[in-house]
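User: Please take a close look at one helix contact here. I would also like to hear about a strand and its partners.

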Amino acid sequence: MDDRELVGRARRGDQEAFTQLIVQYQVPLYNMALRMVGGPDDAADIAQDAFLRAWEKIQTLRDAPFKSWLFQIAANLCYDHFRRGRRFGVMPDDDREAKVVPLGIATPDPQERAEANERHRLVKAAIGRLDPEMRIAIILRDVNGMRYDEIASVLRVPLGTVKSRIARARAAVQDELSRHPDVFPSQRPEDAHAD
Amino acid sequence: MPIEPRTEPTLEELSAYVDAELETGDQARVAAHVATCPDCRARLEGLRGAAHAIRGLPMETPPRPFTVPARRSSARPWMVAFGWVGSAAVAALLIGFGLTHLPGAASNTAARTASFSQNGGANYAPGAGAAAPTTELQAGAVTRDKTLGANQVTVIDPRNSSRRITVSTNSAVFPIMGSMVVSGYATGDRAGKISIVLRRGSYAVDLAPPATTQSTPGLAFSGSYALSRLPLIDPRTGSYTLTVTWTDSAGVSLIAELPVAITG
């Protein structure tokens, strides 16, 4: 069943339909919030609040895609988070990432795991240094895999603004990561190709 | 637009080129340029490297399920909020899962998952000795039953509602010298493996595999565990999460979690 059908049922008060929408979007929405605000508890609060508001306001959703609308709600909550003076938080350096096992790949040895954790730490720190407008653009693209037109819809900005924010964000992240050539060796030019 | 020489592509164009978000003509123009311009190729690789570094971040599992009120309220928002706060008592639908995946766009290439390692019953250190599953874990709708003192949860495969796992314990609170009975059944596939982990924070203990029985609807399982014999760390009392993973014959897993508490 696609989003449109589920939204139609949810608008008629069908909680199970809305539950299916939660199941579908909880991971990407939570991870968007997590990369935006940095802390897992704050991110979970934002995702929960976004689902709750979406459930309450589902009657107002007409033809717009549910996904864009939901992420728009969450993006606004992230902005509110910073407006309230909350800062970007960094996840406690526990073993959370050690639980993430890429599928079909042998469990990395401790050295590899430590290197991966260090890469992730530096990337998260680089994202955290971006201003929120650039940060959310690059997160929606590179964490959530949204198309530029979807991002424009979520952020309610022109396509050109999306391109610009993503480009500047990537340049800033690249600049940060280039300070750690031991962790992020530059790619060879001959590897160049379009994704 | 002609695939012509050469004005240098802008930063925005190079970045959009990485995402294949340029018009076809512009995509070809940038490709032609970077093929002959080492400086732009280096800039492009830098942007591509930044994008790949971010895409390499693991998708993480939310620390708790997300809920909405059990009954849709037509009343004012504050009433709904109150209803939500109280939803733990009111019950309703809870959502949980053990799924992580890479960005959702088709352009992204692989799925990955959060998984607990299973090492045959010894102490569990996250990530150590893990056998990586072969297919992605499934998100599942979860219903939790707190009525009549039951501690029970059901996780449903959203792709196939006949495939589900129900797990219950004989109590939600156990004395440290007591025994915890974990039982349940998995339907939709009579084969597969059940593993149980008792976790607090990032420390967990693999419990011995429960006894299983194949039946017509699926796989029944039950295990009894003397808590005093488990290698828990001090303080042994406190709140834990019981995680039961059913990996079916296709290597797809459903994960059910139940809160349990151990008291002195």
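Analyst: From α1(B), the residues Leu14(B), Ser15(B), Tyr17(B) and Val18(B) meet Cys40(B), Arg43(B), Leu44(B), Leu47(B), Arg48(B) and Ala51(B) of α3(B) (contact: C-beta atoms, placed from the backbone, within 7 Å). Seven residues of this contact are nonpolar, one is polar and two are charged. The model is predicted: local features need pLDDT of at least 70, side-chain atom pairs count only at pLDDT 80 or more, and totals for chains, interfaces and linings use all residues. Residues are numbered from 1 along each chain as its sequence is written, with chains lettered from A and ligands numbered from 1 in the order written.

Now the geometry. Helix α1 spans residues 11–18 of chain B and helix α3 residues 38–55; their axes come within 9 Å and cross at roughly 55°. The crossing of α1(B) past α3(B) is right-handed.

Next, strand β6(B). It covers residues 164–169 of chain B, and five of its six residues are buried, so it is largely enclosed by the rest of the structure (buried: 20 or more other C-beta atoms within 10 Å). β6(B) pairs antiparallel with strand β5 (residues 151–156) of chain B over six bridges (pairing takes at least two DSSP bridges). Six bridges also join β6(B) to strand β8 (residues 179–187) of chain B, again antiparallel.

Ser168(B) illustrates both pairings. Gln152(B) stands opposite Ser168(B). In β8(B), Ser183(B) is the bridge partner of Ser168(B).

Notes
Axes are lines fitted to C-alpha atoms, for helices over the stretch in contact, and angles run from 0 to 180 degrees between N-to-C directions. Helices (H or I, at least four residues) and strands (E, at least two) are DSSP runs, numbered from the N terminus. A crossing is left-handed if the near helix is turned anticlockwise from the far one by less than a right angle, and right-handed if clockwise. Two residues are in contact if their C-beta atoms, placed from the backbone, lie within 7 Å. Ala, Val, Leu, Ile, Met, Phe, Trp, Tyr, Cys and Pro count as nonpolar, Asp, Glu, Lys and Arg as charged, and the others, Gly among them, as polar. A residue is buried if 20 or more other C-beta atoms lie within 10 Å of its own, exposed if 12 or fewer, and partly exposed in between; C-beta atoms are placed from the backbone.
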